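The sequence and structure come first.

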Amino acid sequence: MFAALAYKEGEAAGLRRMWKRLFGEPINPQKVSIDRRECFFTASVTRGTRIRWDDLFIRMGRLSREMVLPEELHIPDGCGITRFVPAALGPRVVMNTAADLLAQAGGRIPVTVVDLRGRLCGMMIPIVRSCAEVRVVTANTAVYRNACERMMEEYGASVIVCPPGSGSGRGGVVVLPFGGECPVDTAPGTICIAPEGDGPADGAVLSACGIRLGEMYGALRPNGISELLFAAALYEKCAVRGIGSLPAERLTYMGQGISQPDAADLIRRSGDK
């Protein structure tokens, strides 16, 4: 369960708009049902008007500690409200996107997955199915030990587990589910798959942007909240686990939009180098 602040459709006019800019408007949370078990609450305000943060804190209660808010809103100090910061869904979207692209690319491309804390061990199988060589860079080698044995038994796939900073230059694809700089040496022509706006500063970066939320959940999205932020709240706060298997909505390569077939072709050619 979570609480969100949304924007009302349309704008207030004339004196009414001036009044709302000066004094704000009432906070009236509404319950939105997701299914028989889960729900969230949303309060709506007119864009550009004063927000009664104290009232919002009181009306949302404990849910105000991690509220889903429009990204451009600044929360005043001392009001008691904090912003929900997604932690779990984004890396899964990158892994799902990488698995889809590698399956389309074919050719058994060498892949390196960077999972320093060992949080994505359960998501390796779709990648292993499509790749000739898989290397995992992690500081948590213990969590991968049993998983690697299972993947060898079930898929005949050899997964090499190594600590950060090890290994020499290697081509193919590097998957960076958590973004940041690449902690391993790579060969020229390597493609890095990373979250939007959070990949290596140098090199060829294929960014996974947004999420394909679909009509069922998309219709529930509060106005002013991005699809990825809303999806993360559903996944992390309401246990809508099906969202954890969704890929990115769109892709960019070196900052420019690229289609999924063209991205798969890029990956295929990276494996040939």
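## Strands and cores

Strand 1 (residues 3-7) runs parallel to strand 3, and the two pair over five bridges. Strands are DSSP runs of E with at least two residues, and helices are runs of H or I with at least four, both numbered from the N terminus. Two strands count as paired if DSSP finds at least two bridges between them. This is a predicted model, in which local features need pLDDT of at least 70, side-chain atom pairs count only at pLDDT 80 or more, and totals for chains, interfaces and linings use all residues. Residues are numbered from 1 along each chain as its sequence is written, and side-chain values use heavy atoms, with hydrogens and water left out.

| Strand paired with strand 3 | Sense | Bridges | Opposite residues |
|---|---|---|---|
| Strand 1 | parallel | five bridges | L5 and A43 |

Strand 2 and strand 3 form a hairpin, with five residues between them. Because five of the seven residues of strand 3 (residues 39-45) are buried, the rest of the structure largely encloses this strand. Buried means under 20% relative accessible area, exposed over 50%, and partly exposed in between (1.4 Å probe, protein chains only).

A nonpolar core is a set of buried Ala, Val, Leu, Ile, Met, Phe, Trp, Tyr and Cys residues joined through side-chain atoms within 4.5 Å. The largest such core has 62 residues, and F2, V173, I243 and I267 have the most contacts inside it. Helix 3 (residues 89-105) contributes the most to this core, with nine residues. A second, separate core has 17 residues, including L5 and A43.
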